[in-house]
Amino acid sequence: MTFIGHMAAGFLLGNALEVSGAPDIVIPVTTVVAALPDIDGLVYFAAKRKIAIEDDFAHHRWFTHKPVFWFGILILTGIARVISPSYMPLWLVWSYIVGIGSHLILDCIGTTDGIQWLWPFSKKWCIFWEVEASKGEWLRLYLEHPSAWVERIVIAVAVFAAILRIALL
Ligand SMILES: [Zn+2]
């Protein structure tokens, strides 16, 4: 999934949290958190000084796509919540869990490599709907692959939800 689909999923999950009683700010926060693991792409583009995915773009191997890294931050978040509940409200913890969790789950769909959920204990990749391609041609082949419809549907539902929110203001 591209970062646009991740943000759309985060927007929908933020809306679900808001409906569950979280403050309105949970929607933009969850939208951004859901795209956070792909920040490695910005580092890659900055290092290359161009926005192009080439064969060395193996960003699912980087720490920002390792669940153990985000789990470690979740532990720190939980400790911060215990120490100071007012600075670490529960809605923010849930925003983090569903935002990062959705990103890692959706990165298992329509990918060339997926996610190593149990790394460093296991190097097995979780892939639900593989797109067989080199990294350099992944985006083009992904957009032609049936799995890209998962992202298109998520984006369409998010746009519909945004229009509904504006209409109900
Ligand atoms: Zn990702």
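How many residues does helix α7 have, and how far does α7 reach from its first C-alpha to its last? Here are my notes, with that one answered in point 3.

1. **What you're looking at.** This is a predicted model, where local features need pLDDT of at least 70, side-chain atom pairs count only at pLDDT 80 or more, and totals for chains, interfaces and linings use all residues. Residues are numbered from 1 along each chain as its sequence is written. The mean pLDDT (the predictor's confidence in each residue, from 0 to 100) is 93 for the protein, and 100% of its residues reach 70 or more. Among the elements, helix α2 (residues 26-33) has the highest mean pLDDT, 98, and helix α3 (residues 39-48) has the lowest, 86.

2. **The overall build.** The protein has seven helices and zero strands; both kinds of element are DSSP runs, numbered from the N terminus, with helices being H or I of at least four residues and strands E of at least two. The radius of gyration, taken over C-alpha atoms, is 17 Å, close to the 15 Å that the globule rule gives for 169 residues, so the protein is as compact as a globular protein of that length. That rule is 2.2 Å times the number of residues to the power 0.38. Along the principal axes, the C-alpha atoms fill a box of roughly 45 × 40 × 30 Å.

3. **Helix α7.** Back to the opening: α7 (residues 148-167) has 20 residues and reaches 29 Å, close to the 28 Å expected at 1.5 Å a residue. The expected span is 1.5 Å times one less than the number of residues.

4. W149 counts as exposed because it has 11 C-beta neighbours inside 10 Å.

5. **Helix α2, tucked in.** Six of the eight residues of α2 are buried, so α2 is largely enclosed by the rest of the structure. Those buried are V26, I27, V29, T30, T31 and V33. Their cover includes α1 and α5.

6. **The core.** The largest nonpolar core has 23 residues; such a core is a set of buried Ala, Val, Leu, Ile, Met, Phe, Trp, Tyr and Cys residues joined through C-beta atoms within 7 Å. Its largest share, seven residues, comes from α1. A34 is among the residues with the most contacts inside this core. Leaving aside neighbours within four places in sequence, A34 is in contact (C-beta atoms, placed from the backbone, within 7 Å) with residues including H6, L13, G99 and H103.

7. **E18, a last stop.** E18 lies in helix α1. With 17 C-beta neighbours inside 10 Å, E18 counts as partly exposed. The C-alpha atoms of E18 and W91 are separated by 8.8 Å, though these residues are 73 residues apart along the chain.

Note on methods
A residue is buried if 20 or more other C-beta atoms lie within 10 Å of its own, exposed if 12 or fewer, and partly exposed in between; C-beta atoms are placed from the backbone. Two residues are in contact if their C-beta atoms, placed from the backbone, lie within 7 Å.
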